[in-house]
Structures are given as C-alpha cells and as structure tokens.
Amino acid sequence: PTTPHHTAGGVPIATDQPSAAPPRSFLISVVLPCYNEDQVLRRTHDRLVRALHDLPHEIVYVDDGSTDGTWPLIQQLADTPGSVVRGVRFSRNFGHQAAALAGLAEATGDAVVLMDADLQDPPELIPSMAELWFKGWSIVSARRATRHGETQLKKSSAYLYYRLLARLSDQPVALDTGDFRLLDRKVVDFVTSLGEKELFLRGAISWTGFPETSITYERDARGAGTTKYTLRKMLALSRTGILAGAASLPLRIPTYLGAASLLGAGAALARGSVRRAAPLGAFGAQSLACGVLGEYLLGVFRQVQGRPPYLVMERTESSHGTTAKAS
Ligand code: UDP
Ligand code: MG
C-alpha cells in the first residue's frame with residue numbers, strides 16, 4: 001500500500017500539490033551501490049527489470065570495492081540484452097555514501113532513483129514514485145512503515161537516531177527514511193556539484209528544499225547475505241549526519257554549560273559561599289571561552305563546507321519586453 005504524505009519530518013513543505021504534465025520523453029536512472037552483494041544481485045536485477053518494463057530506464061551499479069563476485073556479475077548483467085546497464089567499480093571500499101554519490105554523478109536520467117541492492121527497497125515501488133514525479137514532485141522519498149528482519153537494536157537505535165537528528169538539525173529531516181528516493185535531475189545536479197568531502201546525502205537532498213513528498217512501504221528483510229553496514233560504519237554515518245546537519249548544536253554546548261556555571265557561581269557568591277563560587281566560576285569562564293572558539297569554528301566550518309547561500313528553483317519573466325525608461 002502506498003499512501004502519499006506531502007511532508008518531510010512532519011513539516012508540510014508543499015501545501016498545494018505541484019502539477020505538471022507528464023514529460024513526453026524521459027529517462028529514469030536507477031542507482032544501486034553494491035558491496036559484496038553477489039548472493040542477491042542477480043535477483044535484484046531481475047526484479048528491477050520486471051518492475052521497470054514500462055519505463056525507459058538505465059541501471060547504474062556502483063561496486064564499492066567488493067571482494068566477492070559482485071564485479072564479474074555486474075559485467076555479466078551489462079552484457080545481457082534487454083536493459084541498459086552501466087557499472088562503475090571503486091578501487092577499494094569507500095563506503096555507501098561515496099558509492100551513492102558516484103552513482104548520482106554517473107546517472108544521465110531526467111530522474112534518478114537511489115536504492116539498496118539487497119532487495120530491502122522493493123523495486124516495484126519505482127513506478128509509483130515516478131507517478132509522483134510526473135505530477136511535479138522533485139523528491140519522492142520512501143518512508144519505512146515497518147522493518148522486517150532487522151535486530152531490535154538496529155530498529156530502536158535507528159528510531160531514536162532519526163528523532164534526535166530531526167530535533168538537532170538546522171533543516172527538516174524526514175523521519176524513518178533511508179536513502180531510497182527518487183530525485184529530479186535538478187536536485188541531482190545540485191547535490192553532485194556541492195563538492196563536500198564528507199557528504200550526508202539525505203541531509204544534502206532535503207537541504208535543497210525542492211518540493212518533497214513521500215510514500216510509505218513495508219521494508220522487507222535482506223534478500224540474501226548479511227548487512228554491510230557494520231556498527232562502525234553506522235556510527236560514522238550518524239556522526240556525519242549530525243556534523244553536516246546540526247553542526248551548530250554540539251559546538252554550542254560549552255557556551256550553554258559555561259553560562260549556566262557562571263550563573264551558578266553568581267548565585268553561590270550572593271549567598272556568600274566563595275568556596276562554591278570559585279571552582280564554578282573558573283569552570284564557567286573556561287567553558288565559555290571554548291564556546292567562543294566553537295562559534296569561530298562553526299563560521300569556518302560553514303565557509304569550508306561551501307554550500308551556496310541560495311538555490312534558484314524557477315524563473316519567470318515578462319514576455320512583453322522591457323519598460324521604456326522615462327526621459
Ligand atoms: N553498501 C556499500 N558500501 C558499504 C556498505 C554498504 O555500497 O560500505 C551498500 C550495500 O551493498 C547495500 C546498501 O549499501 O546495497 C545498504 O547496505 P546494507 O543493506 O548492508 O545496510 P542495512 O540495510 O543493513 O542498513
Ligand atoms: Mg540492507
């Protein structure tokens with residue numbers, strides 16, 4: 001069941017539904033980062049081709065430094081007639097976000113669908129995502145209603161993390177949404193041109209602010225094999241997410257801590273307790289000094305991150321010529 005929700009992170013971002021005529025000719029690219037997926041990739045490919053049979057498409061596989069038979073399999077799939085397949089192979093494992101970015105850069109479609117290779121993201125959802133794109137939505141994300149075949153630890157840590165990130169982030173964050181989404185060409189171009197060395201893809205995508213909608217789905221268990229997202233990789237991703245989306249909050253903790261300590265020191269002093277006030281005051285002053293450094297660091301971080309100060313989505317212009325200047 002796929003119900004459209006025209007919201008991101010509970011915040012309505014487009015009140016009236018964009019509506020445009022379906023494009024007369026278009027190409028949809030599907031990007032799949034793969035790391036040691038030779039047990040499932042052929043099945044993924046077959047289901048994908050079946051689901052896409054009505055849509056002009058290309059499939060882009062990015063082999064993120066696999067050490068199993070993934071790359072020869074991708075080569076085979078590219079040689080099989082019936083679908084347009086392109087493969088890119090990394091020199092080593094650079095991680096899922098890097099592989100996804102490489103796939104976006106490689107894709108030539110008017111819309112690009114990013115999905116996992118392990119059949120946790122059902123390919124059958126792509127036609128419904130494309131429908132919403134035809135209607136004018138630039139970003140169509142797939143929100144997980146339920147997750148099957150994952151450990152309780154993973155489910156609850158993901159649940160908490162999404163809510164923490166949404167609370168901390170400077171921009172709205174879609175809850176319970178992974179990287180499975182369709183992106184209009186304009187969004188793909190903006191995201192691939194950011195040039196950030198450490199990109200939190202879904203954060204960068206919602207940062208563009210293009211009209212976003214979502215559909216919900218039941219997340220299946222992995223088709224075969226085991227998770228390639230080790231605890232280490234998950235922690236690294238959550239760190240990147242917070243750093244890129246909510247950089248200001250962690251850097252401001254010392255400011256708040258320092259201010260609170262100094263207030264406490266003041267209160268102690270008012271009650272005549274110099275013994276209490278002295279250490280609190282010393283700590284507060286140091287913490288506040290760290291907070292000042294944090295503000296500068298934040299300024300430097302934003303400058304180095306180098307996101308453009310604005311993005312232009314559309315233009316309009318009078319068609320009846322320029323106004324004559326009064327002489
Ligand atoms: N992946 C990748 N590089 C990595 C880890 C994962 O390209 O270093 C791919 C993986 O092959 C899959 C997707 O990213 O297509 C999601 O990974 P996985 O299914 O293992 O993560 P989980 O669903 O368990 O969070
Ligand atoms: Mg998976």
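I started with the UniProt record, an unreviewed entry, which puts "domain: Glycosyltransferase 2-like" at residues 29–188. UniProt positions follow the numbering used here, feature names are shortened, and annotations may be inferred rather than shown by experiment. I found the end C-alpha atoms of that span 11 Å apart, and its make-up is 39% helix and 24% strand. Helices (H or I, at least four residues) and strands (E, at least two) are DSSP runs, numbered from the N terminus.

**Ground rules.** This is a predicted model, where local features need pLDDT of at least 70, side-chain atom pairs count only at pLDDT 80 or more, and totals for chains, interfaces and linings use all residues. Residues are numbered from 1 along each chain as its sequence is written, while chains are lettered from A and ligands numbered from 1 in the order in which they are written.

**Whole chain.** I counted up 10 helices and 10 strands. Of the 327 residues, 34% count as buried (20 or more other C-beta atoms within 10 Å of the residue's own; exposed means 12 or fewer, partly exposed in between; C-beta atoms are placed from the backbone).

**Helix H2.** Which residues of H2 (residues 70–79) are buried? I got Thr 70, Leu 73, Ile 74 and Leu 77.

**Core.** The largest nonpolar core has 58 residues (a core is a set of buried Ala, Val, Leu, Ile, Met, Phe, Trp, Tyr and Cys residues joined through C-beta atoms within 7 Å). Val 112 is among those with the most contacts inside it. Leaving aside neighbours within four places in sequence, I saw Val 112 in contact (C-beta atoms, placed from the backbone, within 7 Å) with Ser 29, Val 31, Leu 104, Ala 107, Leu 183 and Val 188.

**Ligand 1.** Of the 17 residues around ligand 1, Pro 33, Tyr 35, Ala 117, Thr 227 and Lys 228 come nearest (the cut-off is a C-beta atom, placed from the backbone, within 6 Å). S4 and helix H3 (96–106) are the elements giving two or more residues to this shell.

Note on methods:
Two residues are in contact if their C-beta atoms, placed from the backbone, lie within 7 Å.
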